[in-house]
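Student: I would like to learn how to read a model like this one. Could we go through it feature by feature?

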Amino acid sequence: MKAVRVAWKEAGWVFGLSRLVILLVSYFGIVVFPPKGRSMPLDCSTSFDLCLRVWYHWDAVAYVNIAHHGYTYIPDTAFFPFWPLLEHFGGLLLGGFFPNSYYIAGLLLANICFYFALVLLYHLLAEDFDAGIARRALFYFAFSPYALFFFAGYTESLFVLLCLALFLALRRGQAIDWWLAGLLGFLATFTRSTGIILAIPFLVIYVQRFWSPAERGLHSWRQKINALAPILLIPCGVIAYMIYLYFAKGNALMFISQEANFHWHRQLSFPWVGIVSSIGSVFVTSGVGSSYLQNLLDLGFTLIPLAALALGWRRIPLHYALFALGIVLFTLSFPQSAEPLTSLPRYTMILFPVTAIFALWGKREHFHWVVVVFSLSLLALNIVLFIGHYWVA
Amino acid sequence: MRDDKTIDDKTRHGHKSAWKEAGKVFLLSRFLFFTTTCFSIIVLPRLSARYAQQLGYDARWRFSTPAVNQLVFSWLRWDAGAFLNISYLGYQHTPDVAFFPLWPLIQHLGGLLLGDIFPYSFYFVGLILANILFYFVLVLLYNLLAEDFDPALARRALFILAFSPYALFFFAGYSEPLSLVLCLSVFLLLRRGRPGDWWLAGILAYLAVLTRSSGIALGLAYLGMFYYHFLQANRRGVASWRQKLSAFAPIAFIPAALLTYMYYLYLIKGSLLIFRMQEDTIWYRQFTWPWDTLRLLIHAFSVKTSLITADILDVTAVLIALLTLALGWTRIPWNYRLFAIALAVFTLSFPTHTLEPLASQPRYMISIFPITVVYAAWSKNKYFYAIFMALTLAFLVINTIFFVGNFWVA
């Protein structure tokens, strides 16, 4: 009971502080920088609605559109349905006014999900490591350079919450927990296609729990099958969406064709193709412009988690490491044609095993401060860009 | 003999730690300024034509590539420009006499060493010297606090100072690092209190006043330490009158610095008090009683102008600093208190009679290092420390973006 209270408290203050920092930086961003396409900064006393919508950009707009009119705009099928579905219900509860009800519902839900994600992250790491590491990890997670996407109405908060809940269910490992984990895996895959990678930690824990030499004889076949069967629910998230698309649009694979053909131009490639192509662009691009910097940041925030994972591989449990590697390889396997690693920093920020590695290294005070200073300054800059309707990730 | 050796070893070890701890904090904070500057130059102009225009505002001296030009001159803003001009031209432009002479004089000598090419030599030397001096500020602060408190508090204080919301003025070619390094040296010498130390402290205080008029606040700290060493009941009979006189006499260096500058101004401009007149007529900075400052503030808030955000920030920064001093009063030694209160009262007594009455005050407040000490003491609580650092870091980045973009910060 005490541990639960500690988790709520630790998550609470990190959550509150990070929201305060995000709101303060947003305020200064609004006051000084005009949003894209305008010559003057917004005056919130005269255009309150526009100030309210400073977080209504990019994918957040797509989700609000889906939440309100469903998949009427075909390219939107690239976005998986669970998050806009939740936003739809939230929007209805807030009056059903388009777009504000759905947009605000998205913001509220993303933040609520993120708070719960922090609570679960603390629980997980405090038990798998220790309370000090869990505390540091919460701080790194909430102030990571791209953590603004845990604030905006994006899927990241929900997805990471589902992943963490699955990890906790797997660790407890009672008979019902395997089914709970399967269900959470289903919802995660229904939120983002990358959720399918959750099958890996599921399988690893299953093997450790039932097939390790010490455990092999302790469990009946019935128990083993009961624990393994729910893994099938994980790909069912994708299958359910495909069935929906087949009935609604006549093409079960429409989400893949839209990702490939619409302006994303994401196609299946070998994982290293995007990295090689990105390194090439860094060297080929002449002059140090903003697209050069964008490319450099995308590359940096793809390589940093990979390097951390390689160096810290042995310091985290195997299922953490394989989950993180799986997510990175999966996302790297779908590079964009123009900016190969675009959005990668956002996709990799949910890698809590990498955060755990940083938290382990953060025991050294100076490393801790390097991470804090670097992350917070980049987070502030990214917020200013995002609320000005400029591409971040 | 063995005891002496142990003390010497401890001191040597303490000094080594100071260089190391200061070095780490220094490098990390410089890295933050460098990356934020690059980001501001490369990415943020996309956000606003005004920001892009502001970036080029002071770049009268052009490199062939605009981005390089903006990057190189991104810290030539506001007072840094005034110091640059004085260092090259002297006080030709009369309003510049409001800036005290030691910092531009050092910049002048450094500029000569770097080839005497205007503005490059003087601007770069200003940046380099400010940063070198800030490194020494960190070393001295660590030494002072590690002994007056403990090494853990000293370490926290370094982070708090180097990443405070207005710490960018320890990076720009402003006089803050020089002023603070001199104040800290005076404190260290007065604490040791050997016969030669009083004279050295007097000379350094003289230099501090020649850097900023607020250096005069050191007089109160000096008096306090003199009382501590010689006039306390248990020490009264220990020193001879001659020793007491020798320790007290150097306090005269403090007003002497002011007189030196006034005499110099008399020679070149024909008026002893021209620096006060310029402050008054150009910056509208006048001696004002606190209740009148309050009236100025009420007026500033009642008139709705674009300065309202700046006013809110100024008032918040000053109130937080004063509140910290009040709440942490008992946590710092009395010589720290005297210095802090004297410096705060002195700077707050000269508000600007404009719609931003507390303009620059947040910057002046960062030199009141006892406030940093209070924060460091409170930061023993890890929650306070984390909250404090997250907020100050966010503000530091925002202020740096604004400063580089030639917006007024403090």
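Tutor: Start with N406(B), in the segment after α19 of chain B. This is a predicted model, so treat each value as computed.

Student: Is N406(B) buried or partly exposed?

Tutor: Count the neighbours. N406(B) has 19 other C-beta atoms within 10 Å, so it is partly exposed; buried would take 20 or more.

Student: Now peptide bonds. Which bond from F98(A) is cis?

Tutor: Most peptide bonds are trans. The one from F98(A) to P99(A) is cis, with omega near -5°. P99(A) lies in the loop between α4 (82-93) and α5 of chain A.

Student: Where should I look in chain B?

Tutor: Go to the bond from F118(B) to P119(B), which is cis with omega near 0°. P119(B) sits in the loop between α5 (102-113) and α6 (120-148) of chain B.

Student: How do I read helix packing? Take α10(B) and α11(B): at what angle do their axes cross?

Tutor: Check distance and angle together. The axes of α10 (residues 218-231) and α11 (residues 241-248) of chain B come within 11 Å and cross at roughly 170°. That makes α10(B) roughly antiparallel to α11(B), because angles over 145 degrees count as such.

Student: Which residues make the contact?

Tutor: From α10(B), F226(B), H229(B) and F230(B); from α11(B), K244(B), A247(B) and F248(B). They divide into four nonpolar, one polar and one charged.

Student: What about the core? Which residues have the most contacts inside the largest one?

Tutor: In soluble globular proteins, nonpolar side chains tend to be buried together. Here the largest nonpolar core has 261 residues, and L118(A), L121(A) and L141(B) have the most contacts inside it. Its largest share, 16 residues, comes from helix α5 (residues 100-128) of chain A. Beyond its neighbours within four places in sequence, L141(B) is in contact with A157(B), L158(B), L161(B), L184(B) and F369(B). A second, separate core has six residues, including L297(A) and Y347(A).

Student: Can we take one residue in detail? Is L265(B) buried or exposed?

Tutor: L265(B) lies in helix α12 (residues 253-269) of chain B. L265(B) has 21 other C-beta atoms within 10 Å, so it is buried. Sequence distance is a separate matter. L265(B) and Y91(B) are 174 residues apart in sequence, but 9.1 Å apart in space, C-alpha to C-alpha. Leaving aside neighbours within four places in sequence, the contacts of L265(B) are V97(B), S271(B), L272(B), I274(B) and F275(B).

Student: How many residues does each chain bring to the contact between A and B?

Tutor: Chain B brings 28 residues and chain A brings 29 residues. On the side of chain B, α1 (2-42), α2 (49-55) and α19 (382-404) each supply at least two residues. The largest share, eleven residues, comes from α19(B). That side divides into 22 nonpolar, four polar and two charged residues.

Student: And confidence? What are the ipTM and pTM of the model?

Tutor: The model scores ipTM 0.82 and pTM 0.87. For chain B, the mean pLDDT is 90, and 94% of residues reach 70 or more.

Conventions: Residues numbered from 1 in each chain as written. Chains lettered and ligands numbered in written order. Predicted model: local features only at pLDDT ≥ 70, side-chain atom pairs only at ≥ 80, totals over all residues. Contact = placed C-beta atoms within 7 Å. Helix = DSSP H or I, 4+ residues; strand = E, 2+ residues; numbered from the N terminus. Nonpolar A, V, L, I, M, F, W, Y, C, P; charged D, E, K, R; others polar. Axes fitted to C-alpha atoms, helices over the stretch in contact; angles between N-to-C directions. Parallel < 35°, antiparallel > 145°, perpendicular 65-115°, else oblique. pLDDT = per-residue confidence, 0-100. Core = buried A, V, L, I, M, F, W, Y, C linked by C-beta atoms within 7 Å. Buried ≥ 20, exposed ≤ 12 C-beta atoms within 10 Å, placed from the backbone.
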